[in-house]
Amino acid sequence: MTKLRIMLADDHETVREGLQMIVNAQDDMEVVGFAGDGREAVARAQELLPDVLVMDISMPKLNGLKATEKLNALCPQVKVLTLSRHADDGYVRAVLGAGARGYVLKQSASSELIHAIRAVAAGGNYIDPKLAGKVMDSYSSRSVTARGEATGTLSNRESEVLRLIALGYSNKEIALQLSLSVKTIEVHKANAMRKLNITSRIDLVRYAIFQGWLQDN
């Protein structure tokens with residue numbers, strides 16, 4: 001039996017080792033390579049041409065979203081499966097738009113990952129059941145503004161406010177952190193979102209991913 005060739009891309013060695021044990025325990029798949037950052041993931045995937053590349057979003061040098069875009073253009077035969085801790089449907093829509101074939105939460109059972117790998121390798125798409133409902137609701141309600149294309153230049157303060165909002169802070173928490181009034185934060189937020197032509201938190205998260213604001217420190 002020919003085994004599925006799996007590559008793992010995550011900037012945490014302990015995560016890669018854990019995933020390797022889970023994958024290699026399956027009779028029909030084996031890990032053939034690793035990467036610790038997005039650039040390495042793109043380069044190694046071009047060399048190894050795995051059936052499935054399991055890749056985190058938040059990685060140094062090149063985040064998983066941009067790495068997925070590059071790889072989809074260079075090696076479309078390599079199927080990317082995103083494995084992330086982020087449960088916001090904005091992330092799911094962003095990576096699927098970049099060319100990923102599936103999205104699984106790190107906090108889900110290991111059996112979910114294995115099921116997703118098999119589904120993606122077979123040519124299908126897979127979204128973690130914990131997210132599928134939210135994603136479908138979001139798609140049916142409206143379309144996403146493509147990459148939050150800018151119509152103006154953000155000030156440093158506007159960028160900082162949007163970054164903190166994308167990280168999940170409330171207007172009040174941001175005001176305290178930046179020593180500004182809540183009203184001032186609201187003004188910066190409104191101006192920044194107008195300049196970027198984004199109208200929802202989903203759009204904001206997608207823009208933040210492309211900017212690399214949500215990478216793990």
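Modeller: Helices (H or I, at least four residues) and strands (E, at least two) are DSSP runs, numbered from the N terminus. This is a predicted model, in which local features need pLDDT of at least 70 and side-chain atom pairs count only at pLDDT 80 or more, while totals for chains, interfaces and linings use all residues. Residues are numbered from 1 along each chain as its sequence is written, and side-chain values use heavy atoms, with hydrogens and water left out.

Colleague: In which loop is K61 found?

Modeller: K61 is not a glycine, although its phi is positive at about 70°. K61 is found in the loop between β3 (52-55) and α3 (64-74).

Colleague: What is the relative accessible area of N197?

Modeller: N197 is placed in the loop between α9 (182-196) and α10 (201-211), and its phi, near 60°, is a positive value in a residue other than glycine. N197 is partly exposed, with a relative accessible area of 43%.

Colleague: Which residue in β6 does Y103 stand opposite?

Modeller: In strand β5 (residues 102-105), Y103 and L105 are buried on one side, and G102 and V104 are buried on the other. β5 pairs with strand β6 (residues 126-127) in the parallel sense over 2 bridges, pairing being assigned if DSSP finds at least two bridges between two strands. The residue in β6 that stands opposite Y103 is I127.

How values were computed:
Buried < 20%, exposed > 50% of the residue type's maximum accessible area, 1.4 Å probe, protein only.
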